[in-house]
Amino acid sequence: MVFLSMEVLSSSWIIVFFVSAFMILCSTDARVKLPRNETIPALIVFGDSIVDPGNNNNLSTLVKCNFVPYGRDLTGGSPTGRFSNGKIPTDFIAEELGIRELLPAYSNSALQPSDLLTGVSFASGGSGFDPLTPKIASVLSLSDQLEMFKEYVGKLKAMVGEEKTKTILSKGVFLVVAGSDDIANSYFVLGIRKRQYDIPAYTDLMLSSASSFFKELYGLGARRLAIAGAPPLGCLPSQRSIAGGRQRECAEDYNTAAKMFNNKLILELDSLQRNFSQAKFVYIDIYNPLLDLIQNPQKSGFEVVDKGCCGTGRVEAAVLCRILDPFTCKNASSYVFWDSYHPTERAYKFIIDEIIQKCVDKFF
């Protein structure tokens, strides 16, 4: 029995040693300043295409982009399923936090067990807070993503044990980015929800679903939650084309809905903060930084704001970008948008650089 105990102890020590070594070797230099003795060991992500690094690749859906010209500016120039020409926000956030260079998709077949230690993304392009939204797009709902997360937690426990898993979850950042597809697609473009709700009632529906999701994450161990608001949806190239008139101006009803949801989200997060004092619920303002890029592009060296780089830039996204690839711009760095819905790598980096330190500070 003594020899057996020593053997088990030795095996456990070896596992912990290699796990710790992996985390040190695979981490990057953190650029964000953290308080002394504080760490952020993992980034765990839920939501839609803004933060989906390839979870839709093997789904039977049109909402995917694991083909050219997507990913052309990533190292190696290969499409990974990221809805951009290069890196997406989660990659920049993970890098700024010193976690890793590229945050992987949980469903990536090349994912190694050791990759789980620093977090993954469960996000699925086309998803949203409204349960109808992912059904329309045939993608992963937030409930689906939550089930994947539970599986992920089980794998972590098997690797590093209960206590280490609890530390990774409580010290890691949980990022949620959703709501855009609810407002833009389910409500306005397809009009399904518009026939059932006015904007105040629909944003209430979104908020109720969102709040329930945040509470579920808390119940599963999340203590540092960062939630992004909706962007200025009416100023996306696709929405300009659909609802911006002949001059393709920003569609103000879309922006009004986005701002209404954001204001309600801020109040709800304040309420959750009061009720769950052991956690931090941090609101991330995406609306104003992106709107500033669109309205004042010259300040940041951008030139084109009303169309994307791929195809004609007016309505293309996903498969339409592949079909019209010959018309894709040669240099995306002067464009705020890569396709008609998603920003370029450079625009993402500019926004993340501007907001990340302020957001991280709110956790401490």
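**The largest cavity and its lining**

A: Helix 11 gives the largest share of the lining of the largest cavity, 7 residues (helices are DSSP runs of H or I, at least four residues, and strands are runs of E, at least two, numbered from the N terminus). Keep in mind that this is a predicted model, where local features need pLDDT of at least 70 and side-chain atom pairs count only at pLDDT 80 or more, while totals for chains, interfaces and linings use all residues. Residues are numbered from 1 along each chain as its sequence is written, and side-chain values use heavy atoms, with hydrogens and water left out.

The structure holds 1 cavity of 30 Å³ or more, and about 470 Å³ of space lies in the largest cavity. Here a cavity is a set of points, on a 1 Å grid over the protein atoms alone, where a 1.4 Å probe fits but cannot get out, and lining residues have an atom within 4 Å of a point. Points are joined across faces, edges and corners, and the volume is the space filled by probe spheres set on them.

Of the 32 lining residues, Pro89, Val177, Ala228, Ile286 and Ile352 are the closest to the centre. Helix 2 (89-96), strand 2, strand 3 and helix 11 (345-361) each put at least two residues into the lining. By type, the lining splits into 29 nonpolar, 2 polar and 1 charged (nonpolar: Ala, Val, Leu, Ile, Met, Phe, Trp, Tyr, Cys and Pro; charged: Asp, Glu, Lys and Arg; polar: the others, Gly among them).

Note on methods. On a 1 Å grid over the protein atoms alone, a cavity is a set of points where a 1.4 Å probe fits but cannot get out, and a pocket is an open set with protein on both sides within 12 Å along at least five of seven lines; lining residues have an atom within 4 Å of a point.
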